[in-house]
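Hi there,

Here is the structure I promised to pass on. My notes on it follow below.

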Amino acid sequence: MRYGTIFVPSLCAHPKKSRIYLKHAHKVYNLGDEVEVQIDLYDMLGNRKMMGGDFLRVWMENPKRAASVSGRVADLYNGSYTALLKAVWPGNATIKAFIATRREEIVLDYMIFQKHYSLWTIFAEFRTNNLKDATKCSISQGNSLKTNEWCNFTNENNGYSYYCRKSKIKQLTCDRWSHSYSANGIAAPLNTTERNILGLSVIDPKLDILQTSVKVSVRRASNDMELPAPRTPCNKLPTVMTWQRTSPNGYFLQNKWHSLLCTNTLPRTTDAYRRCLKGRTLWLHGDSTSNQFKRSLHSILHFPSHTDAHVPTTDTDVTHNFSISWHAHELPFYNGARRYDRSTHQGQNVMMDRLPNTTKDIVVLYMYVHFTLVHPDVFRRHVQRLVQSVKNLLARAPNVTLAVRGPHAFFRPKHRALSYWGLLYSNIWHEAFASLQHEIVYLDFWDLTMAKPSRDFHPAEDTVKEMVHTMMSLLCFRK
């Protein structure tokens with residue numbers, strides 16, 4: 001797909017023509033059974049799609065019980081897809097499918113990455129005295145042979161490749177770089193067909209839910225009203241088990257997330273959270289979704305937050321002796337129109353390298369949404385550079401608690417930040433940290449956010465609460 005060609009919009013998968021159906025005739029299942037469905041994709045003209053690559057999401061729901069569970073989708077590479085779902089609550093359920101991203105959109109994104117390196121544009125602002133100018137930045141100098149036209153800010157970006165065009169104002173030399181900001185929209189010039197292709201995922205996501213659905217009934221086994229809970233407490237679950245790709249790894253019932261890997265024994269109380277964090281800093285570096293975690297924790301812990309958008313913040317509860325820190329990750333980071341000081345961004349490897357050997361802190365590594373706007377190889381390079389810092393920290397600070405927060409799913413926001421890339425990013429995390437999985441917790445929120453999707457990349461507040469509590473149950477009192 002990364003070397004594919006673009007097709008006309010009328011040949012893209014269409015929700016009104018496509019259909020979902022049970023693979024087997026019976027519609028009544030026992031609690032704990034697997035339900036298998038098939039999705040056949042058709043284009044706008046009513047013709048069967050004959051190749052794979054479309055990103056589908058499938059889930060089962062019962063709104064009356066506030067219950068939902070995600071399905072595991074397999075691409076058959078011929079225009080058809082199968083999905084396995086687990087019957088995790090007794091009663092009625094409806095299975096739905098959603099065309100999240102069409103293969104033609106992904107092909108076009110790859111074409112833009114190859115040619116322009118980024119979907120959006122970041123700018124460097126240079127200032128001195130009364131002079132000010134802004135130039136475009138990139139993670140690559142491209143094929144330009146005139147390297148003297150670029151400011152190389154790789155060192156300033158903690159060793160991650162980053163370049164900005166030099167200002168044409170002579171006094172505004174590279175060392176006068178003061179602020180960054182971005183234009184949040186597609187920067188690449190597009191023809192009509194390409195605009196139409198990208199426009200398919202800008203419209204209301206409800207329009208891309210297949211019109212057909214599957215109704216099933218689940219009967220309880222013997223006297224069991226619900227699935228039995230796992231025996232292992234979440235904070236005793238071996239870290240390597242958190243990296244296993246068990247799907248589904250949980251489900252929603254009465255709007256609460258129930259893990260299928262472990263039992264959450266951490267009370268949902270202020271006191272329990274305070275006891276977990278006492279004498280420690282919880283490092284939640286990353287992006288605005290990490291800041292959502294921080295805000296959610298502040299509401300539970302009842303101490304004031306001084307968060308100001310992307311400005312780095314560490315808040316300390318002096319009375320109960322703990323801190324929560326947020327810091328924007330290194331560039332590429334798309335700040336929007338607001339100008340942010342060049343010190344705003346920091347590599348998570350730098351933060352780890354600065355921790356003392358005696359630290360008992362909790363460090364949650366996270367990168368995701370901003371990297372969906374550049375080629376996935378960029379994300380891979382950034383993840384790989386974390387590995388050595390992680391190894392060093394684990395070797396010298398035995399009481400540190402480390403976690404990797406994986407990607408989450410969302411319907412789709414504007415401007416092409418697609419959760420499709422989360423599928424690739426999860427693979428990259430697993431590959432890069434393969435040798436460390438017995439020492440680091442993987443916070444897998446993909447199934448949770450597939451079962452209860454958010455419209456854009458900022459999960460809804462109640463979803464964030466469930467993500468935070470799941471995180472705390474896995475990380476608190478582990479050592």
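In these notes, buried means under 20% relative accessible area, exposed over 50%, and partly exposed in between (1.4 Å probe, protein chains only). Ser 419 counts as buried because its relative accessibility is 2%.

Two sentences on the basis: this is a predicted model, where local features need pLDDT of at least 70, side-chain atom pairs count only at pLDDT 80 or more, and totals for chains, interfaces and linings use all residues. Residues are numbered from 1 along each chain as its sequence is written, and side-chain values use heavy atoms, with hydrogens and water left out.

Back to Ser 419, which is found in the loop between strand 22 (401-405) and helix 8 (421-432). Helices (H or I, at least four residues) and strands (E, at least two) are DSSP runs, numbered from the N terminus. A polar atom of the Ser 419 side chain lies 3.1 Å from the backbone oxygen of Phe 410. Not counting residues up to four places away in sequence, Ser 419 touches Phe 55, Tyr 368, His 408, Ala 409, Phe 410 and Trp 446 (contact means heavy atoms within 4.5 Å).

Next, helix 2 (residues 192-199): Glu 194, Ile 197 and Leu 198 are its buried residues. Seen down the helix axis, they fall within an arc of 90° (taken from the directions from the axis to the C-beta atoms), so they line one face of helix 2. These buried residues pack against helix 1 (103-116).

Happy to talk it through!

Best wishes

How values were computed:
Polar contact = N/O pair within 3.5 Å; in protein donor to acceptor, adjacent residues only side chain to side chain.
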